[in-house]
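Please read the points below alongside the sequence and the model.

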Amino acid sequence: MNREEKLKQLRENNEFDIVIIGGGATGLGCAVDAASRGYKTLLLEKFDFAKGTSSRSTKLVHGGVRYLAQGNIHLVREALLERGRMLRNAPHICHKLGFVVPVYKWWDKCYYGFGLRIYEFLSAKFSLGKTRVLSKNETLKHLPDLDSTNLKGGVLYYDGQFDDSRLAINLAQTAIEHGALVLNYCAVTDFIKKDNKIIGLKAKDELSNQEYTIKAKVVVNATGVFADAILQKSEGHAEVTIAPSQGIHLVLNRSYFKGLSAMLIPKTSDGRVLFVIPWHDKLVLGTTDTPVKEVVLEPKPLEEEIHFIINHFNKYSKNKIDYADVNSVFVGLRPLVKVGSEKKTALLSREHSIKVLPSGLIYVTGGKWTTYRKMAEQTINKAIQVSDLKFVRCKTRHLRIHGYTKEKVILDLAIYGSDAHLIQEMIAADVSLSEKIHRSYSYTKAEVVWAVKNEMALTVEDVLARRIRLLFLDARAAMEAAPIVAGIMASLLEKNTEWEQEQVATFQKLAQGYLIK
């Protein structure tokens with residue numbers, strides 16, 4: 001996954017069957033789908049892979065318990081089947097996780113027990129485990145730090161968990177292995193048309209400013225919350241199609257809520273569900289659903305959102321928390337499909353939308369990580385339909401994602417799957433690479449080298465936010481690690497001291513936004 005090699009390929013051959021704009025879950029899924037069918041595929045991402053929404057999820061591979069309560073059986077059923085395929089095709093990055101719903105009224109045992117048994121039933125052959133109604137003592141065995149006042153018991157069910165930006169990188173690697181050309185930091189600047197139909201586009205390398213003219217039989221817009229900006233270029237209008245919704249997550253030390261399972265708070269004051277989830281030996285609390293008007297690359301948490309999550313956690317936990325206990329706060333924008341004048345984003349559908357626009361552009365939006373594969377399959381089917389490409393069946397239902405392994409690997413490198421032994425070989429060849437980049441975390445210098453050489457990481461942020469997750473787990477620790485990471489990267493990328501200092505300063509400024517002040 002060498003970026004210079006990919007740029008060289010683009011200079012040598014600029015004609016493609018399918019060009020995909022956007023390197024998040026949907027775009028990368030489309031690239032894997034198209035390339036695995038044998039189509040000549042190009043993916044362009046203006047920033048880094050999963051820089052936006054796709055690295056800021058709740059880290060769940062799930063059907064959506066809340067959607068079941070809303071009566072959206074079709075969405076839940078589809079997502080549960082996709083959940084099963086995701087866990088099967090990428091077992092190194094996805095795993096099952098038990099969730100407990102605590103109940104404080106006797107009849108809620110029946111209500112939630114019945115609903116979650118339906119949830120399990122809908123997953124059919126992909127069921128992850130039997131849903132069980134728990135006694136009070138059983139509930140406290142799973143959630144020992146749960147406030148037991150008036151507790152009547154709980155309901156245990158199973159869903160999936162994953163690391164979102166790590167899967168994004170693995171999808172980019174998978175697409176490349178099937179012949180796709182995949183580039184980060186390469187922005188689409190304009191479209192080329194003939195008789196008002198798109199026949200290609202212009203792109204610019206954001207690092208060198210070199211421009212490229214690219215021919216395409218069909219183009220897919222998979223840019224999520226930024227889709228409307230692309231539509232203005234392709235269609236020449238200013239119609240708003242996205243109703244962005246902001247969701248925040250707080251990250252705490254695991255000691256604040258220990259236990260065998262995650263917790264689902266079934267009904268908050270705004271009618272949503274709230275999760276308390278173990279992740280990378282930390283706790284993730286979230287999420288919120290706040291309509292926002294402005295789409296920005298680095299959204300900020302609102303004071304009321306932070307207070308909302310802390311307040312609800314403290315209602316259920318014996319260990320009370322305050323702002324000072326939060327290691328990091330990360331914020332994502334959901335690309336919800338705008339429907340009429342609906343103002344409550346919590347009520348907008350999480351289903352995806354695929355449209356063919358007058359220019360011939362394929363526009364896909366909505367959906368969620370769990371259904372990325374299905375969205376990609378339907379999008380590429382539509383792309384084939386509107387172009388003169390020969391139809392080839394989708395191959396991704398059983399396609400193993402890069403890193404796939406069921407073998408046991410060293411715990412600290414488990415998330416790299418089959419690549420773990422290659423990182424171990426690097427350490428064996430140079431023992432200095434076993435040194436940690438921060439005293440409190442297991443991340444090593446070898447992982448930084450691996451990210452630069454094999455995963456197209458080009459900035460300190462790429463490494464600390466998305467190749468390894470230190471920024472999301474502990475923003476202060478990430479700031480402390482930044483100079484070490486910048487030094488390693490400068491050597492590998494042949495950059496000078498000035499670049500190194502600029503990278504550290506830029507990252508420190510970014511990381512401030514992940515701290516609660």
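1. A residue is called buried under 20% relative accessible area, exposed over 50% and partly exposed in between, with a 1.4 Å probe and protein chains only. By that rule Phe330 is buried, at 0% relative accessibility, and Phe472 is buried as well, at 1%.

2. The model is predicted: local features need pLDDT of at least 70 and side-chain atom pairs pLDDT 80 or more, while totals for chains, interfaces and linings use all residues. Residues are numbered from 1 along each chain as its sequence is written, and side-chain values use heavy atoms, with hydrogens and water left out.

3. There are ten aromatic pairs in the structure. Rings of Phe, Tyr and Trp (its six-membered ring) pair if their centres lie within 6.5 Å; planes under 30 degrees apart are stacked, over 60 edge-to-face, and the rest tilted. Tyr111 and Tyr112 make an edge-to-face pair, because their ring centres are 5.0 Å apart and their planes stand at 75°. Tyr111 is exposed, at 54% relative accessible area, whereas Tyr112 is buried, at 18%.

4. The pair of Phe330 and Phe472 is tilted, with 4.9 Å between centres and 50° between planes. Phe330 belongs to strand S16 (residues 328-337) and Phe472 to helix H14 (residues 470-473), so this pair ties together parts 142 residues apart in sequence. Helices (H or I, at least four residues) and strands (E, at least two) are DSSP runs, numbered from the N terminus.

5. Phe472 also has the charged end of Arg469 over its ring, 4.6 Å from the centre. The criterion is NZ of Lys or CZ of Arg within 6 Å of the ring centre and within 35 degrees of the ring normal. Lys40 lies over the face of Phe16, at 4.9 Å from the ring centre.

6. One aromatic cluster is formed by Phe99, Tyr119, Tyr157 and Phe275.

7. Of the 17 residues of H4, 13 are buried.

8. H7 is mostly covered, with 13 of its 14 residues buried. At its start, a side-chain oxygen of Asp163 comes to within 3.2 Å of the backbone nitrogen of Arg166. Gly179, which follows H7, has a positive phi near 100°.

Terms used
A polar contact is a pair of N or O atoms within 3.5 Å; within protein, one must be able to donate a hydrogen and the other to accept it, and residues adjacent in sequence count only if both atoms are side-chain atoms.
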